[in-house]
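Please open the model in a viewer and keep the selection tool at hand. The stops below follow one another through the fold.

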Amino acid sequence: MDKQMDYGEDYKYIPATSVQSGSGFEVLPDLYQYTVQIVNVHLVGDPNADDGFVLIDAGMPRSANMIVSAVESRFGENSKPKSIILTHGHFDHVGALIELVEKWDVPVYAHELEMPYLTGQESYPEPDATVEGGMVAKMSPMFPNEPIDLGNRVNLLPSDGTVPDLPEFRWIHTPGHAPGQVSLFRDKDRALIAADAFVTVKQEYLYRVMTQEQEISGPPRYLTTDWDKAKQSVEKLAKLNPSVAVTGHGLPMAGEELTENLEKLVGEFDVIAKPAYGKYVN
Ligand SMILES: [Zn+2]
Ligand SMILES: [Zn+2]
């Protein structure tokens with residue numbers, strides 16, 4: 001019998017939002033970004049091709065209805081993904097996961113190093129409210145950090161780098177922001193689903209989050225605990241020379257603008273990304 005799934009004790013609705021919340025963006029014919037309050041989920045699959053789709057990440061706490069309507073308005077009534085791939089297990093990426101798994105009964109995949117945080121074994125480190133940054137950083141202690149427990153409903157991503165149900169993509173380990181974070185990359189058109197390895201909005205600052213003002217940024221500071229690894233992860237992704245990138249937070253970025261911004265982020269990582277102070281900065 002399936003083990004009962006549970007959110008952590010500190011699971012709750014987070015009252016923070018952005019102008020993009022509830023709206024979607026077709027980045028490519030088979031890549032759709034939908035914003036849930038202050039985080040993005042992605043749907044990979046072409047609605048006109050009729051060969052199914054995959055959901056990347058699961059939004060904010062209590063957002064299952066929003067995600068289901070976004071899925072159904074793009075792929076049709078009662079449609080469901082073949083699977084859900086988690087880039088990592090932070091609360092804003094697994095917020096609606098249990099309701100979605102219960103509704104759709106589809107497999108969930110994640111990296112081995114995220115498993116303790118997805119099976120109720122280990123809490124993420126406390127968010128750092130003292131880190132250099134604005135209002136979102138300051139409110140981060142209210143963010144859930146206790147692990148979700150998916151029991152036996154979560155599976156390991158294949159160790160050969162392939163992505164279940166997305167044969168053209170491969171996963172790339174991009175730790176630093178979370179130990180088992182993965183980004184997804186498609187060589188054919190160099191499309192990148194970066195997760196929170198880098199984001200296109202300064203996620204620590206409420207005004208910029210609300211307006212979704214576009215600006216290349218390292219991973220959200222209050223939850224990033226290993227800045228050396230975070231830097232290596234950005235370098236790894238920049239080397240792929242992506243043509244278009246979607247990120248866990250902020251609007252998609254493409255072409256020359258993406259190339260230039262990634263170069264800048266790699267070159268000036270310690271200035272742009274790494275906070276000047278905070279408890280996870282050495
Ligand atoms: Zn995160
Ligand atoms: Zn995030």
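In which loop does H249 lie? Select H249: this residue is in the loop between β11 (244-246) and β12, where strands (DSSP runs of E, at least two residues) and helices (runs of H or I, at least four) are numbered from the N terminus. The model is a predicted one, in which local features need pLDDT of at least 70 and side-chain atom pairs count only at pLDDT 80 or more, while totals for chains, interfaces and linings use all residues. Residues are numbered from 1 along each chain as its sequence is written, chains are lettered from A and ligands numbered from 1 in the order in which they are written, and side-chain values use heavy atoms, with hydrogens and water left out.

Stay with H249. Its relative accessibility is 1%, so H249 counts as buried (under 20% relative accessible area; exposed is over 50%, partly exposed in between, with a 1.4 Å probe and protein chains only). Leaving aside residues up to four places away in sequence, H249 touches I38, V39, N40, D92, H93, D196, V199, T200, V201, Q203 and P220, a contact being heavy atoms within 4.5 Å.

Select F185 to find L192 of β10 opposite.

Move to β1 (residues 24-28), which pairs with β2 in the antiparallel sense over 4 bridges. The two strands form a hairpin with 2 residues between them, and F25 has Q33 in β2 as its bridge partner.

Now turn to the nonpolar interior. A nonpolar core is a set of buried Ala, Val, Leu, Ile, Met, Phe, Trp, Tyr and Cys residues joined through side-chain atoms within 4.5 Å. The largest has 48 residues, of which I67, I84, L86, L97, L100, W104 and L150 touch the most other members. Helix α1 gives the most to this core, with 6 residues. Centre on L150, whose contacts beyond four places in sequence are M5, L86, L97, I98, V108, L118 and T119. A second, separate core of 21 residues includes W227, V234, L240 and L262.

How many cavities of 30 Å³ or more does the structure hold? There are 2, a cavity being a set of points on a 1 Å grid over the protein atoms alone where a 1.4 Å probe fits but cannot get out, with lining residues having an atom within 4 Å of a point. The largest cavity holds about 140 Å³ of space. Among its 18 lining residues, G89, F91, V94, P144 and E146 are the closest to its centre.

Terms used: Pairing = 2+ DSSP bridges. 1 Å grid on protein atoms, 1.4 Å probe; cavity = no way out; pocket = protein on both sides within 12 Å on 5 of 7 lines; lining within 4 Å. Points joined across faces, edges and corners; volume = space filled by probe spheres on them.
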